[in-house]
Structure formats: structure tokens, C-alpha cells
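Work through the exercises below with the coordinates loaded. Try each task before reading its solution.

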Amino acid sequence: MGEPLFPHDLTSAEPPPPPRPPLVRPIEIAAIGTIVVVDQLSKFIVRASLPLYAKKSLIPNFLDVTHVQNTGAAFGLLNAADFPFKSALMIGIATLALVAISLYARQLGNDEKLSRYGLALILGGAFGNLIDRAIAGYVVDFVDVYWGEAHFWAFNVADAAITIGAILVLLDMIGLGRQHASHSV
């Protein structure tokens, strides 16, 4: 005879596969973009209004805005180290991390919402800090949280997004936030 009128064999026992969800959802793109914009805007304001190493107390004995430059990695690691091509190495490491996170995100399913949102926050934060490294060779940090003499590392909006995103991914990994199908008894 000839070609069937319908491309699918109607007698087949296998239903067609369900449509794949989009690689990145609009809300995830919006989260990434919002983090980048808020991060870059906040860093611009700090650079424009506070000289390097100057600080302004917001909550005495707890929270200051302090203009510092981080030439190292997360939490100031390698900040004091000085070696040739340090900026290029930091940009390369950040780029590799972005690629790895993006590849991991591609494997997530619809039910892994916390991980998807967490990775969007991580990507937004990583892009925000990568922009600083690529343009200036350092990241502007300005949130200084402390209690007495105990200081947390200075951080920025991008760092906060990365931290919150990592927490969301971990919560999803242990099963919190997932919707389970109800079973009839």
C-alpha cells in the first residue's frame, strides 16, 4: 500500500513521550536577570557613594555597609595571594562553574522546583560576580555583618543569592519541597 495517513501507528502500545519542559522557564530567567541587575546596581551605588574601605553603620554593633574589593574567590579565599594572571584564573574558574551549573540544571525535572529556583539564584549571583571580575578584576563586597569582634566575611547581593540558592538545592536534595503523588489505599 503506501504511507499511512497518520505518522503514528495507532496500534502501538507505547504512547508518545510527554513534551519536555522548557530548558529554562521564564520565571527562572527573570530570577537570574533580577539578581544580576540588583547586584550590579547595589555595587554601583556603593562605589559611587563610599570610598574604598569606608563604612557606614546601619545597625550599630551588627551591620555596616563597607566598601571592600575581593580579588580572590568566595569568602575572600586567595584575596591576599598575588600571582600573575590571577584575574584571568578567577574568571576562568567562574566560567567553568557557570557551565557546570548550567549542565546540571539541564538534567532537572519539573518536580525539582527548589533546585531549579536555587540554581537560577546561583546562576544570577555567579553572573553578577563574573561581570565584576571581567570588568574590574575584583568583586565589590559591602555587607559587613558582625557581633563585637566577630566578623562574617563581607559579601554582596550576588553572594547572598548564591548562598540562598545552594540552600534551596540542598533542601530539594533531601526531599523537602517536592510534591509526592498521593496513593490510594
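**Exercise 1: a salt bridge and its surroundings**

The side chains of Asp64 and Lys55 meet in a salt bridge, at 3.7 Å from N to O. The model is a predicted one.

Solution. 
- Step 1. Take the cut-offs: buried is under 20% relative accessible area, exposed is over 50%.

**Exercise 2: links between helices**

Task: search the whole structure for salt bridges; how many are there? Then examine the pairs of Glu28 and Lys43.

Solution. 
- Step 1. The search returns 4 salt bridges.
- Step 2. Glu28 pairs with Arg116, with the closest N and O atoms 2.8 Å apart. This pair links distant parts of the chain: Glu28 sits in helix H1 and Arg116 in helix H3, 88 residues apart.
- Step 3. Check burial for that pair. Glu28 has 5% relative accessibility and counts as buried. Arg116, at 6%, counts as buried.
- Step 4. Lys43 pairs with Asp132; here the closest N and O atoms are 2.9 Å apart. Lys43 belongs to helix H1 and Asp132 to helix H3, so the pair ties together parts 89 residues apart in sequence.
- Step 5. Check burial again. Lys43 is buried at 0% relative accessibility. Asp132 is buried at 5%.
- Step 6. Look for shared partners. Salt bridges that share partners join Asp39, Lys43 and Asp132 into one network.

**Exercise 3: the faces and ends of H4**

Task: compare the span of helix H4 with the expected value. Why do its buried residues line one face? What lies at its ends?

Solution. 
- Step 1. List the buried residues of H4: Ala158, Ala161, Gly165, Leu168, Val169 and Asp172.
- Step 2. Look down the axis of H4. The buried residues fall within an arc of 100°, so they line one face of the helix.
- Step 3. Recall the geometry. An α-helix has 3.6 residues a turn, so residues three or four places apart point the same way.
- Step 4. Find the cover. Helix H1 (26-49) and helix H3 (113-136) are among what covers the buried residues of H4.
- Step 5. Inspect the N-terminal end. Asn156 caps H4, with a side-chain oxygen 2.9 Å from the backbone nitrogen of Ala158.
- Step 6. Just after H4, Gly175 takes a positive phi of about 100°.

Note on methods
Residues numbered from 1 in each chain as written. Predicted model: local features only at pLDDT ≥ 70, side-chain atom pairs only at ≥ 80, totals over all residues. Heavy atoms only, no water. Helix = DSSP H or I, 4+ residues; strand = E, 2+ residues; numbered from the N terminus. Expected span 1.5 Å × (residues − 1). Buried < 20%, exposed > 50% of the residue type's maximum accessible area, 1.4 Å probe, protein only. Arc of directions from axis to C-beta. Contact = heavy atoms within 4.5 Å. Polar contact = N/O pair within 3.5 Å; in protein donor to acceptor, adjacent residues only side chain to side chain.
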